[in-house]
Amino acid sequence: GAGFELTGPPNAERDRGDAGDSASYLLSVPADGARHLWVEGLRLDGAGTANAAVYAPGASWSRFHRLEVTGAIDVGFDTGTRDRFARFQHNHVSELDAHDNGAADGGLGVRVRGESTHNTWVSLTLVDNGQIGLQLDAPHQDVRGLFASGHARYVIHHPSSGVDVKAGPVRLRGVTTFGNQFGVAVRGASDVHLSRVRSDSDGAAVRLRRCHRSVVTELFATNSRETAIQSGHPSDPADSVGENVFSRFVVAGSEGAGLQLRGRGNTVAHGRVANAAGVAIDLLGGDDAVISIATLASQGGLRAAGPTRLVDFAALDHRGTGLALSSTGDEVSGALVVGGNREDCGGGSSSLLAGTCTESGADGSRTPGAPGARLSPGNGGAGAFAGWVDRDEVNATPGLGGPSLPASIADWLAFAAPLRAWAVSAVPRAPFPDRSHAGACMDGIGADRACFVFDWALAPG
């Protein structure tokens, strides 16, 4: 517990910036500045009367450790205004618990803005704040370890998210998001590096808008209620997003596509997508590179609207077309592994033949053009993964080995193995792959389906 507690009406100086003269705070470090502070072990409860529990535009080279901030009208922990009055710099914030902040349609757990740069944030817990868990509107932030949940309120033109990034460069590592409208949303920021991400039951795990030169890597996203990874938006200019890298990912059980990328010059590498209700990977721009990717048991495997460079690709057990390329500028090489699709290859590409992918469709034959890919047809995804789990030593959900309804699941994230997650199936449980596995484990899955635990680790051998 906290070593010291402050609750309800505010007892600190008023804001000097754009929050207004009536704004007030429980703990304030004024814009005049203070260095080498050590603030530890406080519970700060705004009780619906303070605009922020902590307001510290003047802190620098200081340490904030083991704080609980709650009940603020606007923000739990605020580094200050959006202008030069905010100089929260070179600080280290750790074990910060920001929950239940925000009134009406707004509210944030932590907000970083203005000239608040070069800070380190470690072990943040951000739960049930009104709209956003962590908002980064200042560059040069290093976030190491974060859990954000319950930021799912829909406000028109103001999306809710576990993490909202509006300035770069920033680095986020060890991010877990659950039950948000967007797990991580990047809006108007470039040079964002996002790694070691676990997302479950978010609307989308990651969404990038007006973003370039960013990296999303080591991502495990399950049960997304929309497209799991989104880059770009139909209302944005086509060149507002691109040259981003998505690598080392597992995306399983999304209600939309697995990945949908606008813009040009993106790289998608070393990942697998399964059980998407839509197309596993949907490339709407061009000049993209797809390297060492496996797609399984979705509406389709890969669909590309513009020139695409494809190296080592698998499309297995899709309800539609496994690989649909459409450009005369496509380049296909390496291995092309297909099978179990309604149609293995389609589209108007000069690098593929519709239906059979190559002229003969035979094992070892090569696709048209140089250098060409070596075809391996007639394959399937059965036995590719460790598969259904009958018991888990960590997860506390009763009757885990049998069918569970979403409302009865006691723990969505804790498992004995890192690539286990809840997944949907017909009842009785059907072996993978099966049409009943498409989409997310969520309310409304129907009376003939339920949720079970699936291990997405690759099977031995």
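**View 1. Asp282 stands opposite Arg303 in strand S27.** This is a predicted model, in which local features need pLDDT of at least 70, side-chain atom pairs count only at pLDDT 80 or more, and totals for chains, interfaces and linings use all residues. Residues are numbered from 1 along each chain as its sequence is written, and side-chain values use heavy atoms, leaving out hydrogens and water. Strands are DSSP runs of E, at least two residues long, numbered from the N terminus. S25 (residues 279-283) and S27 (residues 300-304) run parallel, joined by 4 bridges. Strands pair if DSSP finds at least two bridges between them. S23 (residues 259-261) also pairs with S25 in the parallel sense, over 3 bridges. Here Gln260 stands opposite Asp282. In S25, 5 of 5 residues are buried (under 20% relative accessible area, 1.4 Å probe, protein chains only).

**View 2. Asp344 is buried without a salt bridge.** Asp344 sits in strand S31 (residues 343-346). A salt bridge needs a side-chain nitrogen of Lys or Arg within 4 Å of a carboxyl oxygen of Asp or Glu. The nearest side chain of opposite charge, Arg342, is 10 Å away. Lys and Arg count as positive, Asp and Glu as negative; His and the chain ends are not counted.

**View 3. A cis peptide bond joins Gly168 and Pro169.** Its omega is near 5 degrees. Pro169 lies in the loop between strands S15 (161-165) and S16 (170-178).

**View 4. Val427 and Pro428 are joined by a cis peptide bond.** Omega is about 0 degrees. Pro428 belongs to the loop between strands S34 (420-426) and S35 (449-458).

How values were computed
Buried means under 20% relative accessible area, exposed over 50%, partly exposed in between (1.4 Å probe, protein chains only).
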